Amino acid sequence: MADEYGLLAEDAVDVPGDEWEQLDVSDTEADRIARRRDREFDQFRKRIKDADQFKVEQSVFDDATYAALYRLVQNGFVDALGGAISTGKEANVHTALGGRKSAEALGVDVGDAARGEAADERPEVAVKVYRINASDFKDMRSYLEGDPRFEGLGGDKKGVVLAWTKKEFANLQRARQAGVRVPTPIAVERNALVMEYLGTAEGRARRLSEVDVENPETAYEVVREYMRRLYRAGLVHGDLSEYNVVVHEDRLVVLDLGQAVTVHHPNSREFLERDCHNVAAFFRRQGADVSDDELLAFVTDDEE
Ligand SMILES: Nc1ncnc2c1ncn2[C@@H]1O[C@H](COP(=O)(O)OP(=O)(O)O)[C@@H](O)[C@H]1O
Ligand SMILES: [Mg+2]
């Protein structure tokens, strides 16, 4: 298969890890910070609220979310929050200036200015902030149900959303280990997820739905291979379509893994069939000769 669309080499692929087991879906330090609300925090909140890009959006975050963002700043993941690149049903995605820890996670050498070392630019990162008090939590719950890692999760919205955010982080890690190109996950704090930002000076990377796909057959082969790798790592994306795949530096990158379920989920087959339909239908519209069934067979086939 051509290098086109940047299919990750198979030798970059690890066996799926047990990253799920490290999930701690309990309340975090961020909540305690929110309650304490020291002066520094109030100043930080004011700074975000006063920043130009937020004036138009008016008070976008609740206090505990400000606290979570503040912790990301304190812990060196974020230096400054930027504007929203997407406002969705469950979450908003912002750009941000990455802190030292994010630079480290992305392998960007920021040097030590105090010692006069040359430095690359601080990387931009994306911060996906889930809303606690909006959207369809019944639906979210149904994706968490049947997942052994989330057994005993209470019924409250907050618990569901915090678990969801961690689940997206864990899913990104697992996808990456399985050799699927996704944004590098960097940190998760309460309802905020920090990841690699895909974009250029011209703005965020375009979705497949927004570009002219020059070689649909090859692009299809890459997406299909990523679906298979995900499936072999025990995951089904669950919302895969031309809206959740972007083209970044001529490579296809899969986004939005919050709702991805393990193959043990009672509806995983249904989700997989839907993903296959959405993907095949998109590439058919681009002129590729592909069918839903053939894609499903490819993804679930254990043979080489
Ligand atoms: N890491 C990222 N880098 C660049 N753009 C991103 C990133 N994550 C999300 N986006 C942009 O934000 C949009 C919404 O993000 P997504 O994770 O799909 O959330 P939603 O659940 O709202 O669909 C994406 O379609 C993409 O355009
Ligand atoms: Mg999306």
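**Exercise 1. Helix H4**

Which glycine follows H4, and is its phi positive or negative?

*Solution.* Helices are DSSP runs (H or I, at least four residues), as strands are (E, at least two), numbered from the N terminus. Glycine 76 follows H4. Its phi is positive, near 85 degrees.

This is a predicted model: local features need pLDDT of at least 70, side-chain atom pairs count only at pLDDT 80 or more, and totals for chains, interfaces and linings use all residues. Residues are numbered from 1 along each chain as its sequence is written, while chains are lettered from A and ligands numbered from 1 in the order in which they are written.

**Exercise 2. The largest nonpolar core**

Find its most connected members, its main helix and its place between domains.

*Solution.* A nonpolar core is a set of buried Ala, Val, Leu, Ile, Met, Phe, Trp, Tyr and Cys residues joined through C-beta atoms within 7 Å. The largest has 80 residues. Val125, Val127, Ala175, Val194, Val223, Leu230 and Val253 touch the most other members. Helix H7 (residues 157-177) gives the most, nine residues. Domain 1 (10-200) and domain 2 (205-300) both contribute, so the core lies between them. Those bounds come from an automatic or database domain assignment.

Now look at H7 itself. Of its 21 residues, 16 are buried. H7 reaches 30 Å from its first C-alpha to its last, close to the 30 Å expected. Glycine 179 follows H7, with a positive phi near 85 degrees.

**Exercise 3. The shell around ligand 1**

Describe the residues around ligand 1 by distance, element and class.

*Solution.* A residue is near the ligand if its C-beta atom lies within 6 Å of it. There are 21 such residues, and Ser86, Gly88, Ala126, Pro183 and Asp256 come nearest. Strands E1 (78-87), E2 (91-98), E3 (124-130) and E5 (192-196) each give two or more. By class, the shell has eleven nonpolar, four polar and six charged residues. Each of domain 1 and domain 2 supplies at least three.

Technical notes
A residue is buried if 20 or more other C-beta atoms lie within 10 Å of its own, exposed if 12 or fewer, and partly exposed in between; C-beta atoms are placed from the backbone. The expected span of a helix is 1.5 Å times one less than its number of residues. Ala, Val, Leu, Ile, Met, Phe, Trp, Tyr, Cys and Pro count as nonpolar, Asp, Glu, Lys and Arg as charged, and the others, Gly among them, as polar.
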